[in-house]
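Open the model in your viewer and colour it by chain.

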Amino acid sequence: MEDNRRNFPSISPAAVVVAAVFLLVSALGTYWFTTFVPLVLPAQASAESKSVDELFTILVIIGGVVFFLIQGMLLISVLFFRARGEERNDGPTYHGNPLLEIVWTIIPAMVVVFLAVISFNVWTQNSEPKAAVNHVNGEEIAIEVSGARYAWTHTYATGRLSPDGVPIVINSGDTLHTYIGQNVELILQTQDVIHSYWVPAMRVKQDLLPGNPATGGRPTEIRFTPVRVEGELYPATYPIVCAELCGDGHGRMRGTVVVHENESQFLEAFYEPAIYAILNPPADPVLRGEIEIQRYICNSCHTLDSLEWSSRTGPSLNGIADRAGERVAGQSAEEYIALSIWNSGAFRVPGYNEQMAAFGPDVMESANIMSPEQLYAIVAYLCTQGEQSDCDQENASSAIPEAIETVFGMQVDINFGQGDAAADSADEAGGESE
Amino acid sequence: MSSYADVHRKTKLGEREAALRLKNNRLGMTIFQASWIMAFLALIVVNWQLRYSYAQWPPAGVTPFDATLPSIATFALLLSALLTRRGWQGLRRGDRAQFTRSWRLALLLGLGFVASIVYEFITVSEAALATHYGVTLRLMTGFHLVHALAIMAVLLYVLRQDASGAYSGDPRQSWAAEGAAKLWYFVTVAWILFYVVLYWLR
Amino acid sequence: MAPAENHEAAAVARPALSDYLRWSVDHKIIGVQYGVAAFLFFIVGGAMAMLIRLELWTPALDLMVSGSAYNSLFTMHGTIMIFLFIIPMWAAFGNFVVPLQLGAKDMAFPWLNAFAFWLIPPAAVVVLLGYFVNPAEAGWTAYPPLSTLFSGDGQTLWALGAHLLGISSIMGSINFIVTILNMRPPQMTLWRMPLLCWAVLATSIIAVMATPFLAGALTLLLLDRVAGTTFFDAAGGGDVLLWQNIFWFYSHPAVYIMVLPGMGVLSEVLSVHSRKPVFGYRMVGLSSMGIAFVGFTVWAHHMFTSLQPELRIPFMITTMIIAVPTGIKMFSWLGTIWGGKIRFTSAMLFALGFMSMFVIGGITGVMLAALPFDIHVHDTYFVVSHFHFVLFGGSVFAIYAALYHWFPKITGRMMNERLGKIHFLFTYFGFLFTFFPMHIVGMLGMPRRVAVYVPEFQLWNQVISFSAFVLGFSTFIVIYNVIRSYYRGPIAGANPWRALTLEWATTSPPPPTNFDDDPIPYEDPYGYGTEAAAVYLAVVERAFDGDSSGR
């Protein structure tokens, strides 16, 4: 019996052959398996995605070898070391082998050190600050992303000024426009809870952390550089996903990255038209309101059939013009709508739990800044949403500015479009509807 | 035949297990102390991390806490802990008078400590309370006060029990006194950590 | 195995079912109370998982009335499975088996033991009461400000319930540490202690050191919710990462609280059912301690997308290091069964299933530690898959192995092996096909905790949901098996597996005092294959089963 303690468990030649074949097959199999890696990952649309995927391939190879080694040894044990029939024998009294134990401590330790080193390299390479970020027209511009339950808003500080000296900021809603080779650097800021900005095709993700607005919030950054994807038609689109639970509508908090083929395409298809639209807003307040309302995150909570919005977090805007006048005694429909946008804290429709985000000329979140003109246009647009509108349709062009002046004491300078055309169309604005 | 539960009750309290029970109690107390001090450390982490979300500490416009009264209170608490130890040593020698005297004094000092910390808790300035400088003081002193009061109640209970002659010099018979004293050391150590973090680490 | 011919004659008196419904300080009663309560919560949490998978059958929100309803569903699923199923379930086996393995008459603090158990039902009621107000819907991780400024009263109840469960866990763990360190027989040095005891010791050390941080975090959460403080409210100068730091300082070690006892069970089951000593006993015991220690240094890998970038690297390194002690265990187990005489009992099948599945969770764990790759899959279904491979493929498989292994000791009856094997097949394949595809949808771009998703993932999700229903069905098999075997199972005898550890050196179920006198442990808890061991087993058999063992 004492001998038994020292004996290494006898291994049948068959087991050795099976083990050898198995290891060979598993090594080949793992190598072959890596050809499937692209199938389980989204398109490699950024420079970063290539190095991340290479790292993943290495992880799959090492993991695959470990996987097949252990499953193989399990399989061999199960096949060769089973007690047969009514056998009541014990196995050999083999308590261990210090050399073997050292080997299987040291080798995994070396493997994880290797993995840590290559991961560190990929990480430093990917997170290195890049030159010429957000390069547009030879300038670096700031692109900010605002996350609010449950929508993204992207704003581009163009650095240009309108004729009145107001900085031009493009608000592209839930869509980020970029082009191949642009070193994108986004400044992320949340308006409420933690969100996480994830572009699977770019392999980047960063949480948006609530900060104190009084001290400039808590901006976080995310960087990536789009690259050409073989076989893709440009402009290509990739999803933006919210990856951190943010509440009821977390699953539908999504957006789109539009990658243009080159900078001139980007300028032509997005940037210049957007600036032109800001400089030359439609003279008709209703038409302008229809554009303005889509710049903001209203769609993240409200339903409005005319714009194909379907969120149910907040009250429906369908037919709002029919009801707005009856909400608060002594308040006109125009006043109510204006007040519930600019001073949203004042209202909560019964049956709805969540407080609407704040909009106005001097709110903290740049994505929510709304000038009196924009408010006027949005109120004018919402006044058309109903069958027998409570709004003063006849005198909309004066009724809405008056309402804004009554509730906010702010003079709305109606100056849509250019020159006389603005004044002309403002007269007939109230009568128009979709 | 008696039920399973009855058999269990009758046979569990063997005479020779008394020594083991003392050993278990002592180890259990040590582990409890090591464990629950982590809750106090968690609050220190809170204090420490919140410091770094402010540009300076104490935040601008807030006068730093005056450490005079807390220092005296800390000294009183230390003295009180030493007295509980002295009293318990007296008890082990069979000197009941020394036990009663020391523990009464210890409780009195403990009361003084609690009173000063309650005073600190109440008199945090409005300016400090508007920031986490004052709020963490309330959090930490409040959390500590709950423990201090509860354990003073235990000390008082042990003192009352002793008056009716519940304890003897045999440590197996006076575990309640030993345990209460150890809980009081725990309160003392926890407070010293808080005291340093709240009043001295700027 | 030696089922007696005459069921009634050989049966040992066992506690009446009503004894389990009362306050009792007997560790064996408390163990069963923990076990049955935890299994009931497993059924509740499992039913919630089925509803989750039903909702995800289609990409749209159709089963639930709102996203919030779905959010509260997975919040409760996670909370129940972690705090009310796995952690109490290990308290169940720890309670029943550990004092017996140590040859002790009871736990060190019997009253505290009972008290720790009886905190659980009220805590569960408090957590579930949330359904009558606005249930907690911020996930089991309850990140503020979602859990503070944007949640209903159910979140307050959730925090209160979790508080109670934490206290219960601390009390139970102190009890285990003292029992294991103080109540061994003089012959049983630490290095002769069964590996389950080593694992429970390591687990309890983690629990007593980490759980107070949960208490701290929950206290702040409650203060923010109820008393108007702003610890986590940035507008008031607070910091949302404060919660993440304190919470994960508990909750990452909590993963090891959930899986280490399972590893202890594996060492027992693999050795007994392959009739071979545990390979590298000391390293297996020490690696439990290694995991416990390193486990305290890795928490911030849960914050890879929120932590300042320069702080992420150290946590990547520590997280990778933890693969080393885990690997030691895995290889030692392989060394244990290698060359043995494996009996394919249900317990052994689940133990082998653990090894086969847990290794996948280990590999994906290293992948997730690799920071650049984690950035892509953080908070996606890849992570959901990873931790289910650890907590289901690991912990639950080990729980089933422990159930089949110790059921004869607990009830005095054998489980039905045929049903056990069917149960294993359904569980193994149901599990594999539920959770393996989740890796792929996660990498392709599906975040976790969503009720709606893009239609291109529908086929994957239907595969997952279908397999999940198979997995859910497998639970009915084991429930039936347990109930049937409790009444009709063959009499087990003292030592049906012919094991060397002390819990088998007494009747099944053991008498109230566990052993008639002070039991003397066999010199080596896993010394199978020697003449001395055979003699010892024969003595045990004669002492307890006499001639009726029917050899």
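Contact here means heavy atoms within 4.5 Å. Keep in mind that this is a predicted model.

**Stop 1: the chains.** Show all chains. By that cut-off, 2 pairs of chains touch, and chains A and C have the most contacts of these. Now select chains A and B. No contact joins chain A to chain B. Their closest C-alpha atoms are 10 Å apart.

**Stop 2: chain A by domain.** Hide the other chains. Colour three selections in chain A: domain 1 is 2-81 + 92-127, domain 2 is 135-277, and domain 3 is 281-429.

**Stop 3: domains 2 and 3.** Keep domain 2 of chain A and domain 3 of chain A on screen. Their C-alpha centres lie 26 Å apart. How many residues of each are in contact with the other? Domain 2 of chain A gives 16 residues, and domain 3 of chain A gives 16.

**Stop 4: the interface.** The size of an interface is often given as the accessible area lost when the parts come together. Domain 2 of chain A and domain 3 of chain A bury about 1300 Å² between them. Carbon and sulfur atoms account for 45% of that area. Look for salt bridges between these two domains of chain A: the count is 0. Polar contacts do cross the interface, with 2 residue pairs found, both at pLDDT 80 or more.

**Stop 5: the domain 2 side.** Select β3 (142-148) and β4 (151-161) of chain A. These are the elements that give two or more residues to the side of domain 2 that touches domain 3. The residues of that side divide into 5 nonpolar, 7 polar and 4 charged.

Terms used
Residues numbered from 1 in each chain as written. Chains lettered and ligands numbered in written order. Predicted model: local features only at pLDDT ≥ 70, side-chain atom pairs only at ≥ 80, totals over all residues. Heavy atoms only, no water. Domains from an automatic or database assignment. Buried area = accessible area lost by both parts, 1.4 Å probe. Salt bridge = Lys/Arg side-chain N within 4 Å of Asp/Glu carboxyl O. Polar contact = N/O pair within 3.5 Å; in protein donor to acceptor, adjacent residues only side chain to side chain. Helix = DSSP H or I, 4+ residues; strand = E, 2+ residues; numbered from the N terminus. Nonpolar A, V, L, I, M, F, W, Y, C, P; charged D, E, K, R; others polar.
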